[in-house]
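Thanks for coming, everyone. Please look at the sequence and the model while I talk.

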Amino acid sequence: MIRVEGLDGRVAVVTGAARGIGQRIAEVLAGNGALVAALDLHKPEHEGILGIECDVSDEAAIAAAFDEVEAKLGVTSVLVLNAGIFPIMPFEQTSLELWERTLAINLTGAFLAARRAIPGMREQGYGRIVGIGSSAGKAGGARSVAAYAASKAGVMTLMKSIANEYAKDGITANALAPALIDTEMIANTRDLVSRIPVGRFGTTDEVAALVAFLCSAHAGYITGEVTDINGGFLID
Ligand SMILES: NC(=O)c1ccc[n+]([C@@H]2O[C@H](COP(=O)([O-])OP(=O)(O)OC[C@H]3O[C@@H](n4cnc5c(N)ncnc54)[C@H](O)[C@@H]3O)[C@@H](O)[C@H]2O)c1
């Protein structure tokens, strides 16, 4: 596991952390001494991590989750916006319901959690926010994923807006643009491995290491950045 400085004793919230990339991020932040809360639709059960049931698209649920984090761990200074869904659907068959649900979870969920966490970060004069975007949010997606791609473009731009607005408060906001990380999410796109220049899928460990670095004391001069982690799948 990567070892970084500056996470010891800090309160970190990771959304969508019951499994996959979010779970590994939560574990790696905790392994570096952070007090971690893992939010997900079903209460995450990871050793040494506070699990909270929370639908990130529900404003009241986000408020309740952060209240619980504050009561049990303290004020959040690290926030990883990872919860997401990945519906594959031909554009003309994309219902308004599917479009709105995808945006509500992937983009509005990030907005709601960041808006709830930032006042505490401002008071501390310190914050680290990482939004999990996607290469699809840059290039549109290698499958029919218009709603997903639009939501991820939104997340990546939201991080830039927050970076601009809160740099003076000691808060950094960055995004990742991953592609083809080996989780259950890519069950229907595994054939794309033949198009990854490094010849394999990425691992949750590799993504978590990058997030931990961006959330560490080493990364105070990095803000408003979108970092690819894609094995060369999209070189732009
Ligand atoms: N795996 C990849 O190749 C890849 C590539 C680019 C981006 N991403 C992004 O990384 C993030 C994590 O993806 P993953 O691969 O670990 O997928 P995953 O499906 O394994 O994990 C996603 C998690 O988000 C949770 N979630 C879904 N809706 C939620 C909601 N409304 N409220 C709270 N939690 C919710 C799920 O329950 C699940 O635990 C997602 O945002 C995804 O879009 C993944």
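Predicted model: local features only at pLDDT ≥ 70, side-chain atom pairs only at ≥ 80, totals over all residues.

Residues are numbered from 1 along each chain as its sequence is written.

Start with the ligand. There are 29 residues around it, with G16, G20, G84, T183 and M185 coming nearest. Being near means a C-beta atom, placed from the backbone, within 6 Å. The shell divides into 16 nonpolar, nine polar and four charged residues. Nonpolar is Ala, Val, Leu, Ile, Met, Phe, Trp, Tyr, Cys and Pro; charged is Asp, Glu, Lys and Arg; the others, Gly among them, are polar. Helix α1, residues 20-31, gives the most to this shell, with three residues. Helices here are DSSP runs of H or I, at least four residues, and strands are E runs of at least two, numbered from the N terminus.

Now the cores. The largest nonpolar core has 67 residues. Its largest share, ten residues, comes from helix α3, residues 96-124. A core is a set of buried Ala, Val, Leu, Ile, Met, Phe, Trp, Tyr and Cys residues joined through C-beta atoms within 7 Å. Buried means 20 or more other C-beta atoms within 10 Å, exposed 12 or fewer, partly exposed in between, with C-beta atoms placed from the backbone. A second, separate core of six residues includes F86 and Y148.

Last, L180. It has a positive phi of about 55°, yet is not a glycine. L180 sits in the loop between β6 (171-178) and α6 (204-214). Buried or exposed, L180? Buried, because it has 23 C-beta neighbours inside 10 Å.
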